[in-house]
Amino acid sequence: MSDLTSIVKETSENGTDLSPDDIGSIEEMPEDTILSQQTSVNLVPFIGQRFVSQDAAYEFYCSFAKQCGFSIRRHRTRGKDGVGRGITRRDFTCHRGGYPQLKPSDDGKLQRNRKSSRCGCQAYMRIVKRADFDVPEWRITGFSNIHNHELLKSNEVQLLPAFCTMSADDKSRICMFAKAGMSVRQMLRLMELEKGVKLGCLAFTELDVRNLLQSFRNVDRDNDAIELLQLCKDKKDKDPNFKYDFKIDANNRLEHIAWSYASSVRLYEAFGDTVIFDTTHRLDAYDMLLGIWIGVDNHGMNCFFGCVFLQDENMQSFSWALKTFLGFMNGKAPRTILTDQNMWLKEALAIEMPNTKHAFCIWHIIAKFSDWFSALLGSQYDKWKAEFHRLYELYSVEDFEVGWRKMVDTYGLLGNRHIVSLYALRSFWALPFLRSYFFAGMTSTFQSESVTAYIQRFLSAQSQIDNFVEQVAAVVDSKDQTGAKLRIQQKVQKVSLKTGSPIESHAATVLTPYAFCKLQEELLSAPKYASLMFDENYFIVRHHTEIDGGCKVLWIPHDEFISCSCHEFEFSGILCRHVLRVLSINNCFHIPDQYLPTRWREISSSMTRPFQVLTSREHGGKIQLLQSMVSTLIAESMETEQRLDVSCDQISMVLSRIKEFPGPVHGANDISYNSPSDSLVLPEVEDSDSMIQSFNVGNPHHSITLGKLKERRQRDGVDIYRKRRRCSVPCCGQFGHDATDCPMIGGDDLNGDGLGFL
């Protein structure tokens with residue numbers, strides 16, 4: 001019991017919120033039970049056991065259940081996908097757990113009482129999500145193997161529906177065998193030999209294989225391909241900015257096809273500096289590989305760039321895909337690209353994008369560790385994995401090389417083929433070799449869950465290839481609308497300033513909430529570091545607990561140049577804690593403009609529509625927003641004399657800056673609009689007293705004079721403005737509530753197209 005308590009305590013200290021229900025128990029089992037008779041020690045679940053994902057835990061428990069003589073099913077969860085932290089807890093139970101429930105039919109009559117296998121079995125396994133070393137993991141917090149029913153024998157358990165499954169690899173091999181002309185029985189015998197199982201002990205039967213082959217035959221590949229091309233042509237006729245290309249093979253059949261939408265091209269123009277090219281999925285019915293190009297915008301949200309179907313997985317196919325993608329994007333190659341560990345794709349990228357830094361997605365590599373090293377290292381696996389992550393996160397290449405050799409010697413991995421392969425390709429995945437290149441935070445394993453969930457939305461709609469273009473377009477449009485709504489919600493929420501630093505206040509007015517939170521994390525960590533000056537422009541910054549080592553910071557004030565040996569700014573576009581520490585102790589109260597990249601600024605959203613004439617709706621919406629800003633400015637400025645003076649000075653400088661731009665051609669923007677009845681309120685920033693109040697822009701000599709504003713009306717000695725709350729949500733602005741309980745936020749009226757203006 002003490003061990004379980006310590007585990008629960010450790011879990012709580014690492015940030016996982018556990019309820020009493022999360023704390024499970026291990027039931028004592030007699031030595032002569034079926035558990036000890038049929039399973040090995042390594043297959044028995046135990047409290048604290050780790051898995052890289054829910055699926056890995058499910059597969060492990062499935063293997064355990066199959067050897068014991070029962071099957072499992074997914075039960076309760078805590079949290080939801082895409083909401084907050086997502087799913088944080090998952091329960092797996094015996095397939096006979098719970099009791100059957102009679103459901104009334106449509107006509108009100110009860111259904112006939114069919115016999116059910118459920119008998120209230122209490123066997124279960126509970127996993128909870130945790131994050132160590134910036135890597136999400138799932139750990140077992142509860143386990144019981146007490147059953148109130150008989151367990152099946154080995155030749156009976158494989159007939160349970162849960163074990164009659166066919167993996168994606170099995171389907172691909174069956175498809176390959178069918179093209180080679182093998183019979184179904186030959187396929188089954190060959191797969192039995194490959195898997196090393198007894199005759200008739202595969203996870204699927206002959207009937208399952210025949211049904212799969214029939215589903216392949218039901219697909220009309222030729223007609224579906226023709227319809228797909230016709231659909232792309234029709235879409236091109238309707239939208240000239242829609243782009244697609246295809247290739248026909250020697251048999252006049254569709255070999256490759258790729259496409260991209262107009263919105264994707266605009267997004268790539270602004271955020272195409274770093275790209276993920278995912279090629280880990282296939283359409284088995286058509287025997288085609290699916291490739292998807294994905295990026296991340298200035299709000300940290302995934303954005304779709306393009307899609308491709310490839311008939312073959314070789315260097316020539318990938319070269320065609322990369323050439324076509326560059327054609328869609330007007331020849332602009334990304335600065336960096338992340339892919340899975342595909343050697344053909346690696347060679348194609350070296351030829352087609354020679355100036356692009358190619359890296360491997362670390363989450364694809366980590367996902368294989370359990371198969372590669374778990375059995376080999378046994379009880380040392382967790383320690384080795386922690387050491388691997390420590391080496392992966394290092395700053396220095398020299399430290400990585402020394403640490404890697406030490407790790408190989410310590411764990412006896414010299415000559416292991418996976419270790420040899422990882423080391424040979426270390427410049428493609430280890431951060432010490434990648435930190436000098438910009439990846440916008442996409443190498444993080446937390447980003448993997450977001451990317452995987454994004455891709456799954458396309459795969460769930462891949463029933464037929466002929467309408468796949470429209471289905472992907474619907475997902476992209478839905479994602480764009482959701483993103484626009486979230487961005488508007490971020491703007492109306494207050495930005496919390498936690499340090500009181502002028503640097504923080506300055507960054508809050510420039511960066512998007514996503515980028516500002518990243519910078520704020522570095523600011524909060526900066527005071528924990530000591531800065532030692534070696535000469536006028538050279539500093540060593542190390543953690544206060546360290547005696548030697550540290551990062552080297554170069555700071556040249558008159559040139560506003562600063563760099564750090566950790567290369568965090570080059571890697572993510574966010575200044576590191578070492579640089580911020582040096583800036584603060586040298587009395588620098590703002591971040592130089594070149595270290596607040598346009599890529600992470602609010603204004604970057606305007607770059608997604610370059611050289612585009614505003615529509616009447618967009619122009620009217622912006623004028624409405626400007627009017628509401630002026631109304632809010634007046635209401636806020638008349639609070640004090642100091643506010644009024646600052647407002648007058650700032651407005652004069654803004655007007656001077658505006659006059660520097662050329663005016664429009666007469667009649668070009670004569671667009672009518674309706675003035676809004678209610679004012680809109682600018683996003684607020686807490687602790688505004690510490691904000692940088694002015695910037696050196698415009699000519700201060702061009703000024704305007706504002707007359708005295710009316711004093712606020714008083715009612716019975718009570719300031720009515722202070723008495724009533726005013727909502728700061730766009731298209732609301734009403735009194736009596738604020739942004740936290742505004743009905744507009746929860747409704748569907750706040751949309752990305754209309755920007756919420758009614």
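## The Arg50–Glu137 salt bridge

In this predicted model, Arg50 and Glu137 form a salt bridge whose closest N and O atoms are 3.9 Å apart. The pair links distant parts of the chain, with Arg50 in strand β1 (residues 50–51) and Glu137 in strand β5 (residues 135–144), 87 residues apart. Arg50 is partly exposed, its relative accessible area being 28%, whereas Glu137 is buried at 5%.

Arg50 and Glu137 also belong to a network of salt bridges that includes Lys385. The structure holds 18 salt bridges.

## Salt bridges between loops

Asp273 pairs with Arg599 in a salt bridge, with 2.9 Å between the closest N and O atoms. Because Asp273 lies in the loop between α9 (262–271) and β8 (274–283), and Arg599 in the loop between α23 (577–585) and α24 (616–637), the pair ties together parts that are 326 residues apart in sequence. Both Asp273 and Arg599 are buried.

A salt bridge also joins Arg435 to Glu393, the closest N and O atoms being 3.9 Å apart. Arg435 is located in the loop between α17 (431–434) and α18 (445–459), and Glu393 in the loop between α14 (381–392) and α15 (397–410), so this pair ties together parts that are 42 residues apart in sequence. Arg435 counts as buried, with 4% relative accessibility; Glu393 is partly exposed, with a relative accessible area of 33%.

## The surroundings of His358

His358 is found in strand β12 (residues 357–360). Its relative accessibility is 7%, so His358 counts as buried. The side chains of His358 and Thr339 make a polar contact at 2.7 Å. Not counting residues up to four places away in sequence, His358 touches Ile337, Thr339, Lys346, Leu349 and Phe428.

Methods. Residues numbered from 1 in each chain as written. Predicted model: local features only at pLDDT ≥ 70, side-chain atom pairs only at ≥ 80, totals over all residues. Heavy atoms only, no water. Helix = DSSP H or I, 4+ residues; strand = E, 2+ residues; numbered from the N terminus. Buried < 20%, exposed > 50% of the residue type's maximum accessible area, 1.4 Å probe, protein only. Polar contact = N/O pair within 3.5 Å; in protein donor to acceptor, adjacent residues only side chain to side chain. Contact = heavy atoms within 4.5 Å. Salt bridge = Lys/Arg side-chain N within 4 Å of Asp/Glu carboxyl O.
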